[in-house]
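Reader: I would like a close look at one part of this model, the helix packing. Please set that part in the context of its chain.

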Amino acid sequence: MSDGILVPPVDDGRDHVQGPASAPVTLVEYGDYQCPYCGTAYPIVKELQRSLGDQLRFVYRNFPLRDAHPYAEHAAEAAESADAQGSFWEMHDALFENQEQLDDRSLIGFATELGLDAEQVARDLDDGTWAGRVREDFRSGVRSGVNGTPTFFINGVRYDEGWNDPQRFLQALRATAGAA
Amino acid sequence: MASGNTQQQAGILPAGTPAPEFTLHSTPDQTVSLAELRGRPFVLAFYPADWSPVCGDEMALFNAVLPDIEELGARMIGVSVDGVWCHAAFARARNLHFPLLADFEPKGEVARRFGVYREHDGVTERALFVVDDAGSIAWSYLSPIGVNPGADGVLRALESLRGTGGSETAAQRSAPPAAERGQASEARS
């Protein structure tokens, strides 16, 4: 239905970003930590990052389908809470590597293992401190035409050719890098 | 998923058409009718079947977008040819917070009226309608049956309804001059 254009565009000040701002290709993922497809996409993205190096900037935005995935919302909030302690990507990785155990106790356990202030993460979950931030991401995804997870955007344009074909995905990114 | 027959009906009702009348069961002992829905815009999402994967995703998405739809003053309603007990089990399993209507007997009759029934498949198209507070179709969209259309079109349509002002706003606009003049009876011929 949608034009498949990312709204709002990537904002280095607000978004969770890996890779240089000068990279010719920016890949944005809208994901849900409890979504099994996102779990499948996780190592694929890692591989793309390894292959493309400084050519690629990767951005993760939250798109939890709360009623379908009861742990997805708190998992997303836990990652935001970890971000406030400077460890977003460490938590992001821990969540995708432990998708089978995302209840609050596990989330707080990950915070402990990562050397974070786990009590702060627990308080943030109780207070819903980061719920608004997660909802902002979700809304931007809906506006951008995200209709399920994971949905990817390459330089702001939705990629509909199938992320689960890693070779094709890599070629699409390389082609964009070459054209940029 | 099952794209199969890509033949699409030419007949999806376009914007500006009055929504056809309907009364359908939402539960074994409750019905929802167009007349009851007047006064508030609503989103009507036709989908082929309760348990097929894309439908699950689409309804899960609208479920998650529900707060935004309600914030825009609208209701959300799903419709398929599945029966009420099937809908009840599906809604419970997926934790859906909006009603699912059963276009079950005569099968697909309401979908036909909206121009979104697939005769050969015996299911409805995957189609979205936004109906305004006066019961007129403000926006409609026919999706490829295997593709979840997303919710951005619906939100834009609801926003533009707000922007241009429904009948409520129009009434409010015309009210002050009449009151200023204080000659309401004269205005009536």
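Author: Start with the contacts across the whole chain. In chain A, 75% of the contacts with a separation of 6 or more are between residues 24 or more positions apart. The model is predicted.

Now the inventory. Chain A has 7 helices and 5 strands. Read from the N terminus, their order is β-β-α-β-α-α-α-α-α-β-β-α.

Next, the overall dimensions. The C-alpha trace of chain A spans about 45 × 35 × 30 Å along its principal axes. Its radius of gyration is 16 Å, which agrees with the value near 16 Å for a compact globule of 180 residues. Of the 180 residues in chain A, 44% are buried.

Here is one helix pair. Helix α2 of chain A covers residues 72-84, and helix α3 of chain A covers residues 88-97. They pack at an angle of about 155°, and their axes are 7 Å apart. Angles over 145 degrees count as roughly antiparallel, so α2(A) and α3(A) are roughly antiparallel to each other. The crossing of α2(A) past α3(A) is right-handed.

Which residues make this contact? From α2(A) come A:Ala75, A:Ala78, A:Ala79, A:Ala82 and A:Asp83. They meet A:Phe88, A:Glu90, A:Met91, A:His92 and A:Leu95 in α3(A). By class, this contact of α2(A) with α3(A) has 7 nonpolar, 1 polar and 2 charged residues.

Now the other pair. Helix α4 of chain A spans residues 104-113, and helix α5 of chain A spans residues 118-127. Their packing angle is about 145°, with the axes 8 Å apart. Here, too, the crossing is right-handed, with α4(A) passing α5(A).

α4(A) brings A:Asp104, A:Leu107, A:Ile108, A:Ala111 and A:Thr112. Facing them in α5(A) are A:Ala118, A:Val121, A:Ala122 and A:Leu125. Sorted by class, the contact of α4(A) with α5(A) holds 7 nonpolar, 1 polar and 1 charged residues.

Last, the partner chain. The contact between the chains takes 13 residues from chain A and 18 residues from chain B. On the side of chain A that touches chain B, the classes are 5 nonpolar, 4 polar and 4 charged residues.

Methods: Residues numbered from 1 in each chain as written. Chains lettered and ligands numbered in written order. Predicted model: local features only at pLDDT ≥ 70, side-chain atom pairs only at ≥ 80, totals over all residues. Axes fitted to C-alpha atoms, helices over the stretch in contact; angles between N-to-C directions. Helix = DSSP H or I, 4+ residues; strand = E, 2+ residues; numbered from the N terminus. Parallel < 35°, antiparallel > 145°, perpendicular 65-115°, else oblique. Left-handed = near helix turned anticlockwise from the far one by under 90°. Contact = placed C-beta atoms within 7 Å. Nonpolar A, V, L, I, M, F, W, Y, C, P; charged D, E, K, R; others polar. Rg over C-alpha atoms; globule rule 2.2 N^0.38 Å. Buried ≥ 20, exposed ≤ 12 C-beta atoms within 10 Å, placed from the backbone.
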